Amino acid sequence: MAPGKLRFGCVGGLLFGIAVVLAVYGLLAPWSYRIGGRFTPLMRWEGVGRLRDSAGHSYGLYVSFYPWLRGGASRIGNAPRPRTSLRGTALVCTAAGTKYPFSLSGEMDGAWLRTDGAEIHFTLAEPRTSGIRRHFSLHGIWNGPELPLDDHKSMFMYFLQDGTLTPSRSYTSPVPEKHATATLSWGGEGDFESLCKTLQSR
């Protein structure tokens, strides 16, 4: 086979594969192309917001996620609701200037053509290279372009009062009564960095 034909065949195969993937996501998770009411042709959403706890401390939060088609259907009564798995990354910064990276996994429940009103759940876990993999969860329901979240008291199982992480994965302190909330809006890592600088200057 001539080199030109070989290159054309490889490129054609790659384009065909991409087209198949896009078509599958369009059929099984059409909301992927309009996350939070925003056109997302790469099927990825980025959000930034201030994470506040009930004691008055603030953290910066950044998440980036995309659909991971290993979902099925959940049921409420007799009506099936679409459920799609999520994968991505997240960052948390503190007023002391420390930044913590996390891997993100979760689910979108009830989204079909759009995400508005759909339930979402994230689990943020330390990278596998950390060895300890402390983690916490965030839960919310899409409200148009905004994503309000609540940690259900899970964040402070591993975050101490000064914003540092517990020294081990096993949580031994008394369960705290405080919880954290955040409202995320579309934004990238540059917006996250600006928010972190604002927290440090206060």
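# A walk through a predicted chain

Start with strand E4, which spans residues 58-68. Strand E4 is mostly covered, with nine of its eleven residues buried. Keep in mind that this is a predicted model.

What does E4 pair with? Its partner is strand E3, residues 45-53. The two strands run in the antiparallel sense, and eight bridges join them. One of these links can be picked out by name: Glu-46 has Ser-64 of E4 as its bridge partner. Together E3 and E4 make a hairpin. Four residues sit between the two strands. In that turn, Gly-56 has a positive phi of about 100 degrees.

Now step back to the whole chain. It has two helices and eleven strands. Read from the N terminus, the order is α-β-β-β-β-β-β-β-β-β-β-β-α. The chain has 202 residues, and 39% of them are buried. Its exposed surface comes to about 11,100 Å². Carbon and sulfur atoms supply 58% of that surface. Contacts tell us about the fold too. Take the contacts with a separation of 6 or more: 54% of them join residues 24 or more positions apart.

Next, look inside. In soluble globular proteins, nonpolar side chains tend to be buried together. The largest nonpolar core here has 33 residues. Which of its members touch the most other members? They are Phe-65, Phe-122 and Phe-159.

Zoom in on Phe-65. Leaving aside residues up to four places away in sequence, Phe-65 touches residues including Ile-35, Met-43, Trp-45, Leu-86, Leu-104, Met-108, Ile-120, Phe-122 and Trp-142. Arg-44, Arg-87 and Gly-88 are also on the list of residues that Phe-65 touches.

Loops deserve a look as well. Thr-115 is in the loop between E7 and E8. Is Thr-115 buried or exposed? Thr-115 counts as buried, because its relative accessibility is 1%. Its neighbors, not counting residues up to four places away in sequence, are Trp-31, Arg-34, Ile-35, Gly-36, Gly-37, Met-108 and Trp-142.

Move on to the loop between E8 and E9. Gly-131 is found there. Gly-131 is exposed, because its relative accessible area is 66% and the cut-off for exposed is over 50%. Gly-131 and Ser-168 are 37 residues apart in sequence. In space, their C-alpha atoms are 9.7 Å apart.

Arg-134 has its place in the loop between E8 and E9 too. Arg-134 counts as buried, because its relative accessibility is 11% and buried means under 20%. What does the side chain of Arg-134 contact? It makes a polar contact with the side chain of Glu-126, at 2.7 Å. The pair also forms a salt bridge, with the closest N and O atoms 2.7 Å apart. Glu-126 is buried as well, at 8% relative accessibility.

That brings us to charged pairs. Side chains of opposite charge can pair when their charged atoms come close. How many salt bridges does the structure hold? It holds four. Glu-126 with Arg-134 is one of them.

Another salt bridge takes us back to Glu-46. Glu-46 pairs with Arg-44, and the closest N and O atoms are 3.6 Å apart. Glu-46 is buried, at 15% relative accessible area. Arg-44 is partly exposed, at 37% relative accessibility.

Lys-99 and Glu-193 meet in a salt bridge as well, at 3.5 Å from N to O. Lys-99 lies in strand E7, while Glu-193 lies in helix H2, residues 189-200. The pair therefore ties together parts that are 94 residues apart in sequence. Lys-99 is partly exposed, at 35% relative accessibility. Glu-193 is partly exposed too, with a relative accessible area of 31%.

Technical notes
Residues numbered from 1 in each chain as written. Predicted model: local features only at pLDDT ≥ 70, side-chain atom pairs only at ≥ 80, totals over all residues. Heavy atoms only, no water. Buried < 20%, exposed > 50% of the residue type's maximum accessible area, 1.4 Å probe, protein only. Pairing = 2+ DSSP bridges. Core = buried A, V, L, I, M, F, W, Y, C linked by side-chain atoms within 4.5 Å. Contact = heavy atoms within 4.5 Å. Polar contact = N/O pair within 3.5 Å; in protein donor to acceptor, adjacent residues only side chain to side chain. Salt bridge = Lys/Arg side-chain N within 4 Å of Asp/Glu carboxyl O. Areas by Shrake-Rupley, 256 points an atom, 1.4 Å probe, with all protein chains shown as cover.
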